[in-house]
2 protein chains.
Amino acid sequence: MARNTEVAADHDAPPITQILAQFVAGHPSRGWSDAVDHEAHRTFVNWLGCAVGAAQHEAADAALAAVRMLEPAPQATVLGRKERVDMASAALVNGISSHTFDFDDTHLKTIIHPAGPVASALLALAEHQGSSGRELIDALVLGIDVSCRVGNMMYPEHYDRGWHITGSTGMLGAAAGCARLLKLDARKTQMALGIAASQPVGMREQFGTMTKPFHPGGAARAGLMAALMASHGYTASPKALEAPRGFAQTVSTKNDWSQVTGELGQRFEISLNTYKPFACGIVIHPGIDACAQLRGQGVRPEQVERIELKVHSLVLELTGNKEPQDGLQAKFSVYHGCAAGLTFGRAAEDEFADEVVNRPDMVALRRKVVATVDDSIDEASVDVTAVLGDGRRVHVFVEHAIGSLRNPMTDALLEGKFHGLADPVLGAAVTGRLIEACWGMGSAADVRRVVELAVPH
Amino acid sequence: MARNTEVAADHDAPPITQILAQFVAGHPSRGWSDAVDHEAHRTFVNWLGCAVGAAQHEAADAALAAVRMLEPAPQATVLGRKERVDMASAALVNGISSHTFDFDDTHLKTIIHPAGPVASALLALAEHQGSSGRELIDALVLGIDVSCRVGNMMYPEHYDRGWHITGSTGMLGAAAGCARLLKLDARKTQMALGIAASQPVGMREQFGTMTKPFHPGGAARAGLMAALMASHGYTASPKALEAPRGFAQTVSTKNDWSQVTGELGQRFEISLNTYKPFACGIVIHPGIDACAQLRGQGVRPEQVERIELKVHSLVLELTGNKEPQDGLQAKFSVYHGCAAGLTFGRAAEDEFADEVVNRPDMVALRRKVVATVDDSIDEASVDVTAVLGDGRRVHVFVEHAIGSLRNPMTDALLEGKFHGLADPVLGAAVTGRLIEACWGMGSAADVRRVVELAVPH
């Protein structure tokens with residue numbers, strides 16, 4: 001029987017499962033700069049707003065209805081709702097909600113949305129066991145470091161192959177963070193990473209359906225359960241990440257091990273986290289920013305004959321849907337993003353409502369957008385020219401869209417975004433108190449005092 | 001930024017997600033031969049014995065301890081134990097137990113162990129909702145057909161790459177079977193397959209650790225939850241299996257679509273299921289059978305100077321560990337299998353106990369086994385020569401080991417195996433009644449009457 005039994009071996013693979021486990025178990029609390037610690041709070045604030053804001057979405061309804069068939073114990077909060085469920089189910093549902101609006105954070109080097117899997121698992125476990133805010137923030141920094149370093153190691157091959165890298169690395173970050181919260185030693189942390197390594201979640205084909213936000217939720221639940229199982233002595237391969245038929249070499253042909261090991265404990269990937277000003281795929285953001293700038297320069301939709309868009313090929317590959325049928329599809333349409341930017345000057349969740357997406361003027365405006373590929377333009381940039389009915393051409397080039405690493409959202413903008421998401425759910429006054437509590441998370445005695453503000457009354 | 005954005009497109013991919021969904025939702029009850037229906041009962045009996053037998057293993061203890069941290073509702077039985085947990089957790093733990101001894105069933109074309117993911121999910125759901133035995137058997141045949149057809153499509157490339165194909169196809173069979181049990185229509189069944197498609201579980205590096213049996217358990221839980229979510233309207237891509245960045249093309253470069261669609265509803269893969277007479281990796285079985293035959297011919301371990309073994313290269317690749325340190329490792333050691341066959345004439349769970357594996361005479365006998373690769377020998381065959389101290393050479397060639405498709409275990413042998421597993425847990429009398437109840441499953445009014453016999457008193 002003829003078989004290909006060749007192993008994609010890399011005998012130079014360092015023992016990264018063990019290296020990461022020792023790092024997660026042993027790195028000192030707050031063993032990083034104030035800037036890193038502040039970025040952890042920004043990451044948490046932004047994630048929480050997204051989860052609260054999408055708590056009433058039909059994806060959360062459906063997932064929660066399925067979970068309730070398990071008659072779960074009321075261990076942890078479903079953010080933005082009154083239901084309480086077991087901590088693993090809370091990790092799942094909050095992970096889904098936080099990514100439902102595609103409005104969460106982005107580690108731009110890998111297009112990973114790191115908080116969804118990691119923060120969702122951590123908050124559910126921390127609430128159940130009454131962890132301190134400092135323990136939560138420490139676990140968040142370390143968990144995100146694990147996910148994003150593994151992402152750096154495999155990107156872009158792993159993503160190009162078809163994996164939704166958020167869910168296919170997120171279970172490792174969630175496992176690492178939960179192991180830290182559970183105070184597991186390095187050996188058990190290594191087992192938690194190993195159990196999680198068998199559970200990557202997510203294919204890119206799911207983009208535009210509820211299963212896309214399922215990916216961070218599923219990864220959160222998988223990582224949390226992996227850590228709980230390891231805490232009780234469940235075993236996995238100590239080389240589950242790096243072995244020839246372990247995680248990395250099975251799901252990626254590119255594995256730059258030094259991305260995991262280099263400057264570990266000195267450089268923290270959460271420093272490279274960014275927050276979306278627009279509620280859609282990150283590669284659309286420059287186009288929205290540019291069209292909002294056109295609007296700021298006085299260009300009105302009814303004047304426009306054509307919008308010429310020059311973008312990197314990845315933009316059309318990911319978001320080339322010119323005729324989106326609903327809000328979820330529109331989040332992956334650079335055409336809708338441009339139409340929203342020009343029409344409203346913004347593109348928050350409201351501008352992706354089904355009714356807005358199907359408005360005749362929006363349909364018409366999308367059809368006036370002509371996108372061409374120019375790979376000399378970075379995927380974080382865009383070149384836009386509005387051709388008006390009177391023959392005038394108005395040109396905008398966006399090098400770094402708002403929300404990028406070079407042009408980040410300020411804390412005040414993050415608060416504004418949070419209010420936009422959470423005010424309709426919690427009311428403005430409680431939302432304000434919740435934001436304050438989040439900024440003070442690092443010194444909170446018990447995360448439960450923060451979480452209880454995220455429940456509507 | 002240079003990127004490989006090439007898609008592994010196969011524009012000839014038929015809509016297999018939809019085709020399988022229509023098949024699972026629409027195929028008539030018992031729409032197959034009596035032989036197929038009997039094979040479904042054999043599959044169920046064999047799976048149940050394995051799950052009951054391993055119910056007290058430390059892997060089940062650790063997994064159950066983690067699950068109990070969720071304070072689960074008592075919805076479904078943990079087989080062979082008194083604990084009851086929510087149905088998703090029961091699917092997980094029973095999936096783990098049934099594969100812990102590596103003693104379950106094997107679809108030889110793909111090395112998939114199909115019952116672990118599928119039966120574990122189905123029984124938990126069927127028990128909770130009070131399904132009939134006929135509904136369970138129907139769902140078992142259809143679910144296993146889905147897993148194994150997808151496996152046929154991708155094997156061997158997918159397996160060779162590193163995936164533990166049992167868990168990386170099993171979530172689809174579990175989702176399909178549970179969708180059938182829930183009486184979902186074709187559209188919702190398609191969504192269940194789609195949600196499950198994002199959740200392949202398992203890398204081969206985990207072989208020899210508790211995370212190997214976690215794979216069927218995790219796949220069972222994933223498939224069950226996917227079906228529950230779909231029943232409440234959760235959506236996924238309708239092309240989640242076949243799209244360029246869907247499941248199949250992300251996890252395998254070989255995708256022979258006709259393996260899914262050909263003779264669908266006429267040929268049933270469960271007909272090709274086999275049951276292990278030995279509690280270890282299937283490729284070791286010919287070696288054990290041959291050495292047991294040597295023992296039958298009067299060869300005694302103390303006479304042996306050397307055992308010459310000629311095997312297919314895959315045998316040594318999968319089970320080439322000459323110095324296993326414990327029972328789990330010994331299950332992946334053809335050397336230990338041969339030593340057990342010659343010493344005991346059998347290799348059930350007892351012969352893989354840590355104490356047996358570490359006995360000095362077993363260590364010594366393993367070291368006398370000299371294995372060489374000969375790829376002219378099928379991986380289901382073996383050529384063994386015992387060289388004795390007096391210079392005699394005793395030769396055995398096994399073409400089809402006991403338990404293979406050509407030389408299957410009889411129903412009576414299956415019952416004997418079941419007693420060996422379950423008697424220590426349930427007692428011989430109850431075990432006998434449980435076996436009877438299983439053979440009558442297809443006409444049982446409520447599966448709960450069967451399940452309650454699997455609980456120790």
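The C-alpha centres of domain 1 and domain 2 of chain A lie 32 Å apart, and you are looking at a predicted model.

**Domains of chain A**

- Domain 1 of chain A is made of two stretches, 16–276 and 438–454, while domain 2 of chain A covers 282–398.
- Where they touch, domain 1 of chain A supplies 10 residues and domain 2 of chain A supplies seven residues.
- On the side of domain 1 of chain A that touches domain 2 of chain A, the residues comprise four nonpolar, four polar and two charged.

**Cis peptide bonds**

- As background, most peptide bonds are trans, and most residues other than glycine have a negative phi.
- In chain A, the bond from A:Tyr155 to A:Pro156 is cis, with omega near 5°.
- You will find A:Pro156 in the loop that runs between α6 (133–154) and α7 (157–161) of chain A.
- In chain B, B:Tyr155 and B:Pro156 are joined by a cis peptide bond, with an omega of about 5°.
- B:Pro156 sits in the loop between α6 (133–154) and α7 (157–161) of chain B.

**Positive phi values**

- A:Glu263 is not a glycine, yet its phi is positive, at about 55°.
- The loop between α12 (258–261) and β4 (273–275) of chain A is where A:Glu263 is placed.
- A:Glu263 counts as exposed because it has 9 other C-beta atoms within 10 Å, and the cut-off for exposed is 12 or fewer.
- B:Lys183, also not a glycine, has a positive phi of about 60°.
- B:Lys183 belongs to the loop between α8 (165–181) and α9 (186–197) of chain B.
- With 12 C-beta neighbours inside 10 Å, B:Lys183 is exposed too.

**Helix α13 of chain B**

- Nine of the 12 residues of α13(B) are buried, so the helix is largely enclosed by the rest of the structure.
- Among the buried residues of α13(B) are B:His285, B:Pro286, B:Ile288, B:Asp289, B:Cys291 and B:Leu294.
- Packing partners for the buried residues of α13(B) are β5 (304–311), α16 (334–344), β7 (382–388) and β8 (393–398) of chain B.
- Just after α13(B) comes B:Gly298, with a positive phi of about 95°.

Note on methods
Residues are numbered from 1 along each chain as its sequence is written. Chains are lettered from A and ligands numbered from 1 in the order in which they are written. This is a predicted model: local features need pLDDT of at least 70, side-chain atom pairs count only at pLDDT 80 or more; totals for chains, interfaces and linings use all residues. Domain bounds come from an automatic or database domain assignment. Two residues are in contact if their C-beta atoms, placed from the backbone, lie within 7 Å. Ala, Val, Leu, Ile, Met, Phe, Trp, Tyr, Cys and Pro count as nonpolar, Asp, Glu, Lys and Arg as charged, and the others, Gly among them, as polar. Helices (H or I, at least four residues) and strands (E, at least two) are DSSP runs, numbered from the N terminus. A residue is buried if 20 or more other C-beta atoms lie within 10 Å of its own, exposed if 12 or fewer, and partly exposed in between; C-beta atoms are placed from the backbone.
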